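I opened my notebook to jot down what I looked up, entry by entry. Here is the model I had on screen.

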Amino acid sequence: MLETAETDIAVVGAGIVGVACALQLARQGRRVTLVDRQAPGLGASFGNAGHLATEQVFPIADLSILKRLPRMLLDPMGPLRLDWKYLPKAMPWFTRLLLNLRPAPFQRSVAGIRTLNEGSLGAWQRLLGSIGRSELFQEDGSLLVFEKPESRQALEALRTRMQQQAVPVDFWSAETVREAAPQLSPSLLGGLFFPRTGHFIDPYRVVCELFEAAKASGVRFVQAQVDGGQLHSAGVSLASDQGMLNARQVLVSCGAHSAKLTAALTGTRVPLDTERGYHLMLPGEHQRLPFAVTSLERKFIMTPMAEGLRLAGTVEFAGLQAPPSMQRAWQLHRLSKGLFRHDLSVEGATPWMGFRPSLPDSLPVIDRVCDGRVLLAFGHQHLGLTQAAVTAEWVGRLAEQAGGPEMGAYRLDRF
C-alpha cells in the first residue's frame, strides 16, 4: 500500500507532457511525485508519429468536415473515422467543434496553436541539451508530397495559408523531391518542405531519458491508479488504488484520462474526447527516408526512426472503451503502396493504437486554478510530443505564479 506522504507537487500522468513537467518542477527545487497507472511513456507517448509538427498550426477540422461526416460514419478505413455506435456520446463534442469553426473562434485556435508551436523547437533543443541527449532529435525538416495534378491548387492554397501564419515553407519540384529522397516514387509531382521541423528517432526513449533525468533530480515515481481527489486548506489529497497521496499542489497531466480528475478537483466538466491514433512499425525499413514524409492525398505520415519506419496518422473517434481496430494500422501499409519505387516490407511489423486527448477548440488546457493548488496541462490532441517541452516551461512559470498574457487562450474557464 502507498504510504501517506508529503510532497510539494503530485504530477498525475507519466506521458511525455507529465514527465517533462515533473523534471522542470524538480529543477525548480520542488519535491515532485509522479503518479501513473503504468510505467512512464507507455500511453499515447509510446506510439506517436515522432514528428515535431510545428507547421501544423490549424485545428484538426475545418468546415469541410460537414461534407465528410457521412463518409466518416460509413468508411471504417478512412483517415478520419467516427464510430456510429459512439455518435450519440460524441455529438456534444462535435457540436462544440462546429461552433469553434466560426471565423472568430477558429482564428483564436490558430493563434493559440501557433504560439505554442513557435516555441516548441527551441524548448525541445533546450530540454534535450540539458540532459545530454540532443541526438534523439533530428532537425532535418519534413516534406508534404502530392501525386495528382488536381492537388496542386490545394497545395498552393495551403502554402499561402501557412505563409500567412509565418510558417517557414518552401515549394519543392518533383526533381528536388527525387534528389532529397531518391527511394520515393518518381511519379510524385512535388511537395511542400518545412525546414523548421524535424523528428525524434525514438519517442519512447525520449520519455525514458527524461524520466531518468527526473529521478536524478529527485522525482519519486509511484505506479498507482488515481481515482479521485479533493482540495483542502493544506493542498490536495488524491485517492488511488494504492492509498492516499497528499500534496501541496497537483498537476493534472494524464492526457485523455484528465477530465474526471479535473472535474473532481475543480468542479469544471471539460469537454475532453480522444483521437484514437494508430501506427504500424516496420523494423526492416531503416534506409527509405531521410526525414518525415506526409502524403497530401493519402493523409498519413512516414517517419524514419532508430527501429525502422513508422507509418502513422489515422484519426478515429470511438471513445476510451471500444477495443482497437488494428485493421486501421495495417491499412497504413496499403496506403504506402505506390509512394516508393519498391513497396515497403511488413516483415516483423507491429501495429499499435493510443489515445490522443482532444478538446473541441484544438487547444490544450494549461492553467493554474483553485488558488494555485491545481495546475493543469492536458488536451494537446495530436501535438502532445511537439508541445511537451514548451508546456513544461510554461507549467514551471505557473508553479511560480508567473504566468503571462500569452497563456490566456489555454485557461480552464473558457469552458
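**Entry 1: strand β13.** I looked up Ser237 and found that its bridge partner in β13 is Asn246. The model is a predicted one, so I noted its limits: local features need pLDDT of at least 70, side-chain atom pairs count only at pLDDT 80 or more, and totals for chains, interfaces and linings use all residues. I also wrote down that residues are numbered from 1 along each chain as its sequence is written, and that side-chain values use heavy atoms, with hydrogens and water left out.

Two strands pair if DSSP finds at least two bridges between them. The strands themselves are DSSP runs of E with at least two residues, helices are runs of H or I with at least four, and both are numbered from the N terminus. β12 and β13 make a hairpin, with 2 residues between them.

Then I found strand β20 (residues 374-378), which pairs with β13 in the parallel sense over 3 bridges. Val250 has Val374 as its bridge partner in β20.

How many residues of β13 are buried? I got 8 of 10 for this strand (residues 243-252), so I can call β13 mostly covered. Buried means under 20% relative accessible area, exposed means over 50%, and partly exposed is in between (1.4 Å probe, protein chains only).

**Entry 2: an open sheet.** Next I looked at an open sheet of 3 strands, in the order β3-β9-β5 with antiparallel pairing. Its edge strands are β3 (51-52) and β5 (137-138), each pairing on one side only. I counted 2 bridges between β3 and strand β9 (residues 198-200). For His51, the bridge partner in β9 is His199.

**Entry 3: aromatic rings.** I found 11 aromatic pairs in the structure. Rings of Phe, Tyr and Trp (its six-membered ring) pair if their centres lie within 6.5 Å; planes under 30 degrees apart count as stacked, over 60 as edge-to-face and the rest as tilted. One of the pairs is Trp93 with Phe317, which is tilted, at 5.2 Å centre to centre and 45° between the planes. I placed Trp93 in helix α3 (residues 87-99) and Phe317 in strand β17 (residues 308-317), 224 residues apart, so to speak a link between distant parts of the chain. Trp93 and Phe317 are both buried. Together with Phe94, Trp93 and Phe317 form one aromatic cluster.

Why is the pair of Phe211 and Phe221 edge-to-face? Because the planes of the two rings are at 80°, with the centres 5.6 Å apart. Phe211 lies in helix α7 (residues 203-216) and Phe221 in strand β10 (residues 220-223), so this pair ties together parts 10 residues apart in sequence. Phe211 is buried, at 10% relative accessible area, whereas Phe221 is partly exposed, at 25%.

I also checked for charges over rings (NZ of Lys or CZ of Arg within 6 Å of the ring centre and within 35 degrees of the ring normal). Arg161 has its charged end over the ring of Phe58, 3.9 Å from the centre. Arg288 has its charged end over the ring of Phe340, 5.4 Å from the centre.

**Entry 4: cysteines.** How many disulfides does the structure hold? I found 0, with a disulfide taken as a pair of cysteine sulfur atoms within 2.5 Å. Cys21 is in no disulfide, and the nearest cysteine sulfur, that of Cys254, is 12 Å away. That is too far for a bond. Cys21 counts as buried at 0% relative accessibility, and Cys254 counts as buried at 19%.
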